[in-house]
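Dear colleague,

Here is the structure I said I would pass on. My notes on it follow below the display.

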Amino acid sequence: MSDVFPADGQFTGDDEWIEYGLKRGWTMLTQGKRIRNQLPVLNRLVASGLTIHCLSSAELTPAKRAERFERHRDRIWRYGAEGPPGFYVVYEDSVVRRWP
């Protein structure tokens, strides 16, 4: 985010950074669960065939966030590459598709 958006993307809307990622075919990682309720964004996500992976808790320390994404890296990459597209939540011990 810091390579693309000012202030590490803190003032960038979800629709803007997600659209940026969709245009580049990225599998995206976030801690913003509110995206799960943004149907226009989610519909574009599914239409693109891509995935967003969200941490189950935004209260984790940066080290714990990194650790959780790292622990599930293979699964995240597999879902990103093979689908199905959608919104996934990354829990401590699992990754679960929550939308659609």
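Proline 100 sits in the segment after strand 4 (95-99). The peptide bond that joins tryptophan 99 to proline 100 is cis, with omega at about -10 degrees. Please keep in mind that this is a predicted model, and that every value in this message is computed from it.

A cis peptide bond also joins glycine 83 and proline 84, where omega is about 0 degrees. Proline 84 belongs to the loop between helix 4 (73-82) and strand 3 (86-90). I list these bonds because most peptide bonds are trans.

Most residues other than glycine have a negative phi.

Now the overall fold. The protein chain has 4 helices and 4 strands. Along the sequence they follow the pattern α-β-α-β-α-α-β-β. The radius of gyration is 13 Å, close to the 13 Å that the globule rule gives for 100 residues, so the chain is as compact as a globular protein of that length. The C-alpha trace spans about 30 × 30 × 20 Å along its principal axes.

Some totals for the chain:

- Of the 100 residues, 36% are buried.
- Among contacts with a separation of 6 or more, 45% are between residues 24 or more positions apart.
- The chain exposes about 6,100 Å², and carbon and sulfur atoms supply 50% of that area.

Next, the largest pocket. How much space lies in it? The figure is about 810 Å³. The lining consists of 24 residues, and the closest to the pocket centre are Met1, Trp17, Leu29, Thr30 and Gln31. The elements that give two or more residues to this lining are helix 1 (14-24), strand 1 (28-30) and helix 3 (62-71). Helix 1 gives the most, with 4 residues. By residue type, the lining divides into 11 nonpolar, 8 polar and 5 charged.

Is glycine 32 buried or exposed? Glycine 32 has a relative accessible area of 9%, and because buried means under 20%, glycine 32 is buried. This residue is found in the loop between strand 1 and helix 2 (39-48). Alanine 66 is 34 residues away from glycine 32 along the chain, and the C-alpha atoms of the two are separated by 15 Å.

If you want to go through the model on screen, I would start with the cis bonds at proline 84 and proline 100, then turn to the pocket lining, with helix 1 as its main contributor.

Regards

Notes: Residues are numbered from 1 along each chain as its sequence is written. This is a predicted model: local features need pLDDT of at least 70, side-chain atom pairs count only at pLDDT 80 or more; totals for chains, interfaces and linings use all residues. Side-chain values use heavy atoms; hydrogens and water are left out. On a 1 Å grid over the protein atoms alone, a cavity is a set of points where a 1.4 Å probe fits but cannot get out, and a pocket is an open set with protein on both sides within 12 Å along at least five of seven lines; lining residues have an atom within 4 Å of a point. Grid points are joined across faces, edges and corners, and a volume is the space filled by probe spheres set on the points. Ala, Val, Leu, Ile, Met, Phe, Trp, Tyr, Cys and Pro count as nonpolar, Asp, Glu, Lys and Arg as charged, and the others, Gly among them, as polar. The radius of gyration is taken over C-alpha atoms; the globule rule is 2.2 Å times the number of residues to the power 0.38. Buried means under 20% relative accessible area, exposed over 50%, partly exposed in between (1.4 Å probe, protein chains only). Contact means heavy atoms within 4.5 Å. Accessible areas come from the Shrake-Rupley method with a 1.4 Å probe; for residues, only the protein chains shown count as cover.
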